[in-house]
Amino acid sequence: MELPAAVGVATAVLRAILGVAALLLGAGVVGLGIVSVVTSGVNAGVFWWLYARRHGRPGIALDVAAGRQLIRTAAPLMLNGFLNTIFFRIDILLLQAMRGAETVGLYATAYKFIDGLLLVPTFVTLALFPLLSRFADESPERLGRTYRQAVKALVLVAVPIAAGFTFLAEDVLRFFFGDTYAPAAPALRLLVWFLPLSYLNGVTQYLLIAVNRQRLITLAFGLGAAFNILANIAVIPQFGMEGSAVVTVFSEVVLLAPFMAGVRGALGSLPLSFGLMRGLVAAAAMAAALWAIQGAPGPVMVLAGVLVYAAALAALRVLDAEDLRVLRRLIGR
């Protein structure tokens with residue numbers, strides 16, 4: 001699974017470089033469209049070459065019965081992808097209509113950090129999915145254990161990131177985009193709390209696919225998209241992009257409810273803590289430390305936050321013996 005991850009990163013970098021070049025040459029939106037087609041072609045070509053090198057060139061055959069089965073299985077996933085796009089981007093369209101281009105520019109700038117940080121659960125879940133699928137058939141106990149470890153690891157990463165951005169949002173925006181985009185800081189401080197819930201929901205979604213509950217995901221995304229649209233229409237006129245950021249966070253809560261129902265149906269009784277409550281306490285200690293040194297240089301605040309969070313995790317023994325064994329294996333590799 002490291003190969004798709006590496007290809008994905010390389011393609012993203014290539015798309016960014018070519019996209020900037022196209023804009024500098026004055027190609028505009030059409031140029032960006034051409035770049036997207038080219039990089040997608042490169043992506044497909046690299047995957048074809050990797051597969052052919054390892055397994056031989058794939059042949060082409062038509063199996064109608066298998067095709068029908070694939071369509072029945074995959075159709076909910078296609079619909080999920082469509083609903084997911086609405087879920088994450090409808091707020092931009094509504095902000096454009098109700099608050100104008102300047103607000104959209106600020107909000108989209110805040111969202112760029114969220115988009116970048118969402119690469120973490122994407123690659124983790126893609127790597128985990130074959131394991132989840134295998135354990136769904138072979139060992140429900142191992143399936144539950146793998147799911148718990150993945151959720152715990154991702155949330156323990158996401159919560160301190162969210163806490164850090166809460167205090168450093170304005171500094172980060174000024175560093176990357178200049179003073180012009182500093183007014184996006186309030187939206188970023190709110191929007192970043194979407195991450196812990198999104199990391200949790202991301203792993204849960206792939207667990208539900210592994211146990212063949214795609215239709216439940218479709219229902220959840222339908223509810224989430226409907227809530228997102230209606231809530232944004234209600235709050236944007238009065239609260240603008242900050243209201244839209246809060247709606248994004250609560251939309252993940254709407255997704256979480258049916259997702260957890262599906263997890264209970266697949267794995268039985270499942271405690272929600274996974275040691276996460278102590279992790280939240282550690283994040284609270286980090287937040288308190290950052291609050292105490294507000295106004296310090298950004299690098300100092302980042303270093304202090306990391307040290308306090310690591311010390312709190314160790315003092316509270318958030319990582320159990322199994323977590324430490326996994327860490328030692330990873331470090332050894």
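**Two helix pairs in a predicted model**

Okay, helix 5 passes helix 8 in a right-handed crossing, meaning the near helix is turned clockwise from the far one by less than a right angle. Helices here are DSSP runs of H or I with at least four residues, numbered from the N terminus.

Before going on, this is a predicted model, where local features need pLDDT of at least 70, side-chain atom pairs count only at pLDDT 80 or more, and totals for chains, interfaces and linings use all residues. Residues are numbered from 1 along each chain as its sequence is written, and side-chain values use heavy atoms, with hydrogens and water left out.

So how confident is the predictor? pLDDT is its confidence in each residue, from 0 to 100. The chain's mean is 86, and 96% of its residues reach 70 or more. Helix 12 (residues 321–332) has the lowest confidence, a mean of 70, while helix 7 (residues 185–191) has the highest, at 93.

Back to our first pair. The axes of helix 5 (residues 119–138) and helix 8 (residues 194–210) come within 9 Å and cross at roughly 30°. That makes the two roughly parallel, a label for angles under 35 degrees. Axes are lines fitted to C-alpha atoms over the stretch in contact, and angles run from 0 to 180 degrees between N-to-C directions.

Which residues of helix 4 meet helix 9? They're T103, L106, Y107 and Y111, and their partners are M241, S244, A245 and T248. Contact means heavy atoms within 4.5 Å.

Notes. pLDDT = per-residue confidence, 0-100. Parallel < 35°, antiparallel > 145°, perpendicular 65-115°, else oblique.
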